[in-house]
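Subject: Structure handover

Hello,

Here is the structure you asked about. My notes follow below it.

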Amino acid sequence: MKVSFEGIGEVMATFLAQEGVAPGMAVTLAEDSTVGLGESGGDLCGVAVTVGEDGCAGVRIGGLVETAYSGTAPQVGYAALTVDGAGKVTAGGSRAYLVVHVDQDAQTAVIRL
């Protein structure tokens, strides 16, 4: 891709991370101050950027971020997205996110959180 959306409007927060959370995964708020993969259809909280040995995760909760998707590719524009329970976003839910780029070969999308 010739254009870059990396870091635009980035807002990061530190959370405790449930087991299975890894960098690049779409996460949901699992409990107080804790992110996890959630269940399919859960609300998207952000995308884990770092996960430390201390059990904490740096999570991008605002701005543009690239994340993997499952199922049908989201369309560019506003699209309702949720987590799929396996670290990716998927179509559904009632909250719309701005999708600015979709790479169907890599099954990734750049969205505004």
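Helices (H or I, at least four residues) and strands (E, at least two) are DSSP runs, numbered from the N terminus. By that rule the protein chain has zero helices and nine strands. Along the sequence, the order is β-β-β-β-β-β-β-β-β.

Before you read on, two notes on the source. This is a predicted model, in which local features need pLDDT of at least 70 and side-chain atom pairs count only at pLDDT 80 or more, while totals for chains, interfaces and linings use all residues. Residues are numbered from 1 along each chain as its sequence is written, and side-chain values use heavy atoms, with hydrogens and water left out.

**Overall shape**

The radius of gyration is taken over C-alpha atoms, and the globule rule is 2.2 Å times the number of residues to the power 0.38. For 113 residues, a compact globule would come out near 13 Å; the protein chain has 13 Å, so the two agree. Along the principal axes, the C-alpha atoms fill a box of roughly 35 × 25 × 25 Å.

Buried means under 20% relative accessible area, exposed means over 50%, and partly exposed lies in between (1.4 Å probe, protein chains only). Of the 113 residues, 40% count as buried.

Contact means heavy atoms within 4.5 Å. Among contacts with a separation of 6 or more, 51% join residues 24 or more positions apart.

**Surface and charge**

Accessible areas come from the Shrake-Rupley method with a 1.4 Å probe; for residues, only the protein chains shown count as cover. The protein chain exposes about 6100 Å², and carbon and sulfur atoms supply 49% of that.

For charges, Lys and Arg count as positive and Asp and Glu as negative; His and the chain ends are not counted. Each charge is placed at NZ of Lys, CZ of Arg, CG of Asp or CD of Glu. There are 5 positive and 13 negative charges, and their mean positions are 13 Å apart.

**The cores**

A nonpolar core is a set of buried Ala, Val, Leu, Ile, Met, Phe, Trp, Tyr and Cys residues joined through side-chain atoms within 4.5 Å. The largest one has 16 residues; Leu44, Tyr69, Val99, Val102, Ala109, Ile111 and Leu113 touch the most other members. Strands β7, β8 (89-103) and β9 (108-112) each supply at least two residues of this core. The largest share, four residues, comes from β8. Another core, of nine residues, lies apart from it and includes Phe15, Val21, Val35 and Val59. In soluble globular proteins, nonpolar side chains tend to be buried together.

Val102 is one to look up on the model. Leaving aside neighbours within four places in sequence, Val102 is in contact with Tyr69, Ala73, Pro74, Val76, Thr108 and Ala109.

**Strand residues**

The contact lists here also leave out neighbours within four places in sequence.

- Thr82 sits in strand β7 (residues 77-83). Thr82 is buried, because its relative accessible area is 4%. Its contacts are Gly41, Gly42, Lys88, Val89, Thr90, Ala91, Gly92 and Gly93.
- Cys56 belongs to strand β5 (residues 56-62). Its relative accessible area is 24%, so Cys56 is partly exposed. Cys56 is in contact with Thr14, Phe15, Leu16, Ala17, Thr50 and Val51. Gln18 is 38 residues away along the chain, with the two C-alpha atoms separated by 8.8 Å.
- Ala68 is in strand β6 (residues 64-68). Ala68 touches Lys88, Val89, Gln107 and Thr108. The C-alpha atoms of Ala68 and Gly85 are separated by 12 Å.

**Loop residues**

- Ser33 is in the loop between β2 (26-31) and β3 (34-36). Its phi is near 60°, a positive value in a residue other than glycine. At 42% relative accessibility, Ser33 is partly exposed.
- Gln107 is in the loop between β8 and β9. Its phi is near 55°, again positive in a residue other than glycine. Relative accessibility is 37%, so Gln107 counts as partly exposed.
- Asp84 is in the loop between β7 and β8. Is Asp84 buried or exposed? At 16% relative accessibility, Asp84 counts as buried. Not counting residues up to four places away in sequence, Asp84 touches Glu39, Ser40, Ser70 and Thr90. Asp84 and Val11 are 73 residues apart in sequence and 23 Å apart in space, C-alpha to C-alpha.

Best wishes
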